[in-house]
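Please open the model in a viewer and keep the selection panel at hand. The stops below are meant to be taken in order.

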Amino acid sequence: MTGDHPGRELRFSRPSEGWLDGLPLGNGRTGAMVLAAPDRLRLALNDTTAWSGGPGSAARRGTVTAEQAAHARAEAGRLWDQGRIVEAERALAVLQQDYVQSFLSLADLVLRLGVDPGASLVRALSLRDGEHRVLAAGVRQTTFVSAVDRVLVHRLTADRPIDVDLELATRLGEPALTRLPDGAVLRMTLPADVAPGHEPGEPPLRWQVEGVSPLTAALAVAWAHDGTRADTPAGVRLTGVRELELRLVTATTFDRIGAAPSGVAADRATAILAAAAHATWAELRDRHRADHRGLMDRFTLDLGDLGDLGDLGDPGPGAPDTDTRVLRAAAHPGGPLAADPGLLALLTDYGRYLLIAASRPGGLPAGLQGLWNDDLRPPWSAAYTLNINTEMNYWPAAPTGLAPTAEPLLDLAEALAERGADTARRLYGARGWVAHHNTDAWAYTAPTAGDASWAQWPMGGVWLVRQLDELRRCDLVDDPWCRRLWPVAVGAAEFALDLLAERPDGTLATWPSTSPENRFHTGDGPAALTRGSGMDRALLHELGGTVHGLAARLGLWHPVLAELEAALPRVPGPVTAPDGTLQEWDLPRPETEPQHRHVSHLVFAYPGSGPGGRHAAVAATLDRRGDDSTGWSVAWKAALWARLGDGERAGRVLGLALRPVWDGRSRGPHAGGVYRNLFAAHPPFQIDGNLGLVGAVAELLAGEVDGTIRLFPALPSALAGRGAVTGLIVRPGVAVDLQWRDGVPVRVALTARSPRSAGPREVRWRDRVWRVVLPAGEPVLLDC
């Protein structure tokens, strides 16, 4: 997409019906959910740094000593070796501590307009421009959040004078509104502790906790208008307005991940606002568009938009509402991909848009809900879940060229490495650093309270490092970036090596170990604790590739390289069980949930290096798990089927991700789909389903496995008619531009991103093979 073409959009001709019917904006710092009606517009505001608690939250009830942990590990090991696995889990629970802190809603800015509430309305989110637009009752409103100028901008123009009430509100503590001649500052205090909903015995919110210094926050807003102003209890009333411009900045006293608060939030917010004061609306908009489009335009996808239901992709006035498209596609007997292939392209663009809006350098990584949350006590604290969800959030970063969005994830990994070193030493007597399944803005690294199946999983740091390394493997990051990752990866490897223990057969296995969130039957009840789970073994081998790859890239050496070379041959790879599936635990144990949502032991097949020679076992495991599940699980399974080369099955699973969860049909507690605003449903809303889908779609079109670039390895027949993709990045750093018709490539261009990824390459489509030499930076056209 080039020039001023608006690109795809989410579009509705009715008012918003709730937060999950709003449309999201963001710049990686300030998030806004825009809810619009003819006479009312609400900006539900978030700040990526607005979290409960502080660095002292993890230790507010004390910490586990090295002596306590060593005794617990030894006792648990003794019990486990005797087959008393449930008792072993109870013994190991000494290591578990508390819970992570919560990402919070911040404030609301509401505009009440003196117009007909029943007037017709059109509201839309332009994905390419990163702008929300609403037109109703002769009033046009445009909103964007600029990453360049770090300011939210809202502009209203009316075809006649109208009255506008502006109101600021928050549910946070100690709200204080300071009125200025042309604006206002709202100051707030964040809670010192917020317990997750799955801890019903804890107070939901506490404003004071010994040893915790909570954050303070501020919202600074400036306005310019051509009406007259009068103060109201909640804000101001503007009378006779035809033009209104609002500029808004959010800030907190957050300093960096894991660090104590510092500074004055209001000073930060007003300084940013002042820096943008001399720019005009047009200048702010143009800078924002150039920046946002610069990321969105790195990758384009055209799936023809013309399915069995006709052309639904035109963003013009006659286009159907986005939720209507979803309902029509879901009702089609041929499935949603056949009905409306452009809907999948829209969701792919939307996933990329959400990552760009939620995760930018200088901010925090995208959490379970990205940058958007309307609750003070959101599901699972809207925090970071490292056993799949945080990593999945960054699956679009490599294949669609969005490496800048992953910088906050590297910041998180560095903070975890710093704080997790003490946790590794105390709890495991290990070198390096550890992170478990949950963390937060304070770099929490201990096992949380709760069931061992999720809490006693110490491989969160290992997977985080492997996910970050995908950017190096795709030649998307420079040497300084790799030098930042190097010590983090070395520390993760040191910890993983120290977690290994020799088994009677001479192999090495991690201890303690679980397969995230799944359990197996024992004579004493369900259990999760094992030695050397399938996921752990796969991640160890992937980590070995990461450390060696970074060392080769940077020309570095570390003793851990020799340790890995000695240990990894003794760590078994994926093991096929007698029933043909892949073994999840140390033995072929009967799972308590055969259709469990996690497919952790398949991590080597995707997003790892590939299935190798285990296609049949991976497929058998997926068959046993079943297709339907949560939104993020559906995305993972679709990517796995694509990596296996089964386009029809991948397409069928992707169809589940397009289901309308608001249609009243009962599908059970773990059945994904989309809400009206296309947010992915776990349910509830989790953004990983949106972002994981992008990775799955990329796998349909092109990928590298075992050194060969494969074109259309899993293109579903529903998408075969015609289409095009540009800017799709595959290992080892080759940009692929494709056009196809009737499933046959009609134009293929390959570009090596740098001298590192240049050189001879083998390219395959079905039985046809091209052997080409790619120069750096110059496209090579294949003879189709």
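The tour goes from domains to a sheet and then to single residues.

This is a predicted model, in which local features need pLDDT of at least 70, side-chain atom pairs count only at pLDDT 80 or more, and totals for chains, interfaces and linings use all residues. Residues are numbered from 1 along each chain as its sequence is written, and side-chain values use heavy atoms, with hydrogens and water left out.

**Domains**

Colour the chain by its division into domain 1 (9-52 + 113-299), domain 2 (63-96 + 403-598 + 608-616) and domain 3 (717-782); the bounds come from an automatic or database domain assignment. The centres of domain 2 and domain 3, taken over C-alpha atoms, are separated by 35 Å. Their contact (heavy atoms within 4.5 Å) takes 11 residues from domain 2 and nine residues from domain 3.

Between them, domain 2 and domain 3 bury about 720 Å², 40% of it on carbon and sulfur atoms. Buried area is the accessible area (1.4 Å probe) that two parts lose on being put together, summed over both. Select Cys-474, Asp-475 and Leu-476: they supply 60% of the area that domain 2 buries against domain 3, more than any other three residues.

Two salt bridges are counted between these domains, each being a side-chain nitrogen of Lys or Arg within 4 Å of a carboxyl oxygen of Asp or Glu. Now show Arg-756, which forms a salt bridge with Asp-475, with the closest N and O atoms 2.9 Å apart.

**The sheet**

Next, select the open sheet of five strands, in the order 17-28-29-30-33 with antiparallel pairing. Strands (E, at least two residues) and helices (H or I, at least four) are DSSP runs numbered from the N terminus, and two strands pair if DSSP finds at least two bridges between them. Strand 17 (300-302) and strand 33 (780-781) are at the edges with a single partner strand each, so one side of each has no neighbour in the sheet.

Strand 29 (residues 734-741) and strand 30 (residues 744-752) are joined by eight bridges. Zoom to Leu-738, whose bridge partner in strand 30 is Val-748.

**Two buried residues**

Go to Leu-550 in helix 13 (residues 534-554). Is Leu-550 buried or exposed? Leu-550 is buried, with a relative accessible area of 0%; buried means under 20% (1.4 Å probe, protein chains only). Beyond residues up to four places away in sequence, Leu-550 touches Asp-469, Arg-472, Cys-482, Leu-485, Trp-486 and Ala-489.

Finish at Asp-321, in the loop between strand 19 (310-311) and helix 5 (322-331). Asp-321 is buried at 9% relative accessible area.

Technical notes
Buried means under 20% relative accessible area, exposed over 50%, partly exposed in between (1.4 Å probe, protein chains only).
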